[in-house]
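This report is written for a reader who meets this structure for the first time. Please keep the sequence and the model at hand while reading.

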Amino acid sequence: MKKADFLNETPVPYVDTEFDTLLTILCDLIVKGQELDPDQYGMVAAAVVDPKGRVVASTSISVNDNWCHAERSAIDQYTNKYGPIPKGCSIVTTLSPCSESMKDRYGGSCEDMIEDLGIEDVYCGYQDPTQASGYSITENQKIQKLCKEFADTFLKTHINESVRQTLVDFLPLAQKELGLKRLPTIRVVNQVPDAGGTTFGRYVPEEDVVYVVARGRHPKDTLRTLAHELVHHKQDIEDRLDITSGDTGSPEENEANALAGVLMRKYNELNPMEVNENFADGKVKGKSRPGRVKRAGASCKGNVTSLRKKAKNASGERAKMYHWCANMKSGKKK
Ligand SMILES: [Zn+2]
């Protein structure tokens with residue numbers, strides 16, 4: 001990741017109260033990256049702050065058509081410069097760390113990485129609404145808004161992509177479980193038409209359309225809404241809807257909530273990975289001890305040449321593990 005060297009800040013001592021200042025510097029870094037090469041540098045920036053006050057910062061970086069997230073890139077660069085992450089480091093990032101699986105991400109989730117490194121202090125500019133929560137978020141509204149604006153440039157497409165895939169996985173199950181011969185049109189919208197901002201879904205019988213809001217929500221919440229509205233569709237087909245059906249506490253509404261719960265349980269059983277990931281929110285996730293490669297902060301992802309290059313740029317155990325990965329991939333016995 002040589003190209004990112006320009007992103008290294010001159011070490012300046014930082015204390016907790018100055019993390020907001022650091023966030024503004026990180027926002028600046030994002031802008032600089034965009035001016036330099038928007039294909040290479042992304043819309044999130046993060047910094048490692050060590051107990052000595054040394055700071056290494058980076059934006060997210062494009063690596064072989066994937067994105068190395070800012071947290072990972074900053075940690076990699078810190079390690080290259082100063083060695084292993086010492087105890088008592090903080091991560092300051094414009095967007096809260098990711099926890100869910102992502103197909104265009106280089107390496108594992110940032111949440112896992114941060115946990116594995118034993119970093120407890122994470123300070124964020126903005127909470128990614130689709131990822132695990134529970135990190136400290138700045139109370140400075142201006143900084144938060146700025147960080148959100150950067151994140152929204154890609155979060156929108158991310159949400160749409162992940163939601164679309166989740167819907168494709170979910171709909172056949174819902175159709176089968178509810179015994180529906182056909183499905184209504186599903187419209188993923190930013191706001192339900194003719195409804196207040198707090199309405200996340202609506203079934204409109206005369207249009208044969210289910211509206212569901214995905215933006216800014218966890219995919220599981222979107223699915224639950226969709227399941228609920230599909231039950232209303234079923235009730236409509238069975239001529240069981242009337243003017244009071246949408247009222248809280250009506251038999252139809254209670255049935256929709258109950259069946260949505262059943263559907264979600266079945267969906268979770270069939271998608272155990274997703275269930276585990278979603279426990280990330282509550283930090284209940286059972287975690288096995290990471291293997292030697294992961295513990296060393298290395299990864300066997302990538303081709304032999306890139307792994308050799310990484311080995312050369314790394315040192316100690318991490319370099320050893322990259323060599324090991326490269327040897328393994330090139331077919332050499334260890
Ligand atoms: Zn991440």
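In this predicted model, the hairpin of β8 and β9 has four residues between its strands, and Asp-208 in that hairpin takes a positive phi near 55°. The two strands, β8 with residues 201–204 and β9 with residues 209–213, pair in the antiparallel sense over four bridges. Within this pairing, Val-204 stands opposite Val-209 in β9.

| Hairpin | Residues between the strands | Residue with positive phi |
|---|---|---|
| β1 and β2 | five residues | Gly-53, about 90° |
| β2 and β3 | two residues | Asn-64, near 45° |
| β8 and β9 | four residues | Asp-208, near 55° |

**The sheet and its helices**

In which order do the six strands of the open sheet lie? The order is β3-β2-β1-β4-β5-β6, and the pairing is mixed. The edge strands are β3 (66–68) and β6 (136–137), each of which pairs on one side only. Helix α1, residues 19–36, packs on this sheet and touches β1 (41–49), β2, β4 (90–93) and β5 (121–124), while its direction makes about 145° with that of β1. Helix α2, residues 70–82, lies across β1, β2, β3 and β4 and runs at about 125° to β2.

Strand β2 can be followed through both of its pairings. With β1, strand β2 runs antiparallel and is joined by six bridges, and the bridge partner of Ala-46 in β2 is Ser-58. With β3, strand β2, residues 55–63, is again antiparallel, this time through three bridges. Here Val-63 stands opposite Asn-66 in β3, and Ser-62 stands opposite Trp-67 in β3. Why can β2 be called largely enclosed by the rest of the structure? The reason is that seven of the nine residues of β2 are buried. As a general point for reading such a strand, the side chains in a regular strand alternate between the two faces of the sheet.

Asn-64 is found in the loop between β2 and β3, and its phi near 45° is a positive value in a residue other than glycine.

**A pair of packed helices**

Helix α5, residues 219–237, packs with helix α6, residues 251–270, at an angle of about 130°, and their axes are 8 Å apart. That angle makes α5 oblique to α6, and α5 passes α6 in a right-handed crossing. On the α5 side the contact is formed by Leu-223, Arg-224, Ala-227, His-228, Val-231, His-232 and Gln-235, which meet a set of residues in α6 including Glu-252, Ala-256, Leu-259, Leu-263 and Tyr-267. By class, this contact has nine nonpolar, four polar and three charged residues.

In the loop between α5 and α6 lies Asp-239, whose phi, near 60°, is a positive value in a residue other than glycine. Is Asp-239 buried or exposed? Asp-239 is exposed, since 7 other C-beta atoms lie within 10 Å, and a residue counts as exposed at 12 or fewer.

**A loop toward the end of the helices listed here**

Ser-299 lies in the loop between α8 (292–295) and α9 (304–313). Ser-299 is partly exposed, with 18 other C-beta atoms within 10 Å. Leaving aside residues up to four places away in sequence, Ser-299 touches Gly-107 and Val-293. Ser-299 and Arg-318 are 19 residues apart in sequence, and in space they are 9.1 Å apart, C-alpha to C-alpha.

**The chain as a whole**

How many helices and strands does the protein chain have? Its secondary structure comes to 10 helices and nine strands. Of the 334 residues in the protein chain, buried residues make up 36%. Among contacts in the protein chain between residues at least 6 apart in sequence, 61% join residues at least 24 apart.

Definitions and conventions. Residues are numbered from 1 along each chain as its sequence is written. This is a predicted model: local features need pLDDT of at least 70, side-chain atom pairs count only at pLDDT 80 or more; totals for chains, interfaces and linings use all residues. Axes are lines fitted to C-alpha atoms, for helices over the stretch in contact, and angles run from 0 to 180 degrees between N-to-C directions. Angles under 35 degrees count as roughly parallel, over 145 as roughly antiparallel, 65 to 115 as roughly perpendicular and the rest as oblique. A crossing is left-handed if the near helix is turned anticlockwise from the far one by less than a right angle, and right-handed if clockwise. Two residues are in contact if their C-beta atoms, placed from the backbone, lie within 7 Å. Ala, Val, Leu, Ile, Met, Phe, Trp, Tyr, Cys and Pro count as nonpolar, Asp, Glu, Lys and Arg as charged, and the others, Gly among them, as polar. Two strands pair if DSSP finds at least two bridges between them. A residue is buried if 20 or more other C-beta atoms lie within 10 Å of its own, exposed if 12 or fewer, and partly exposed in between; C-beta atoms are placed from the backbone.
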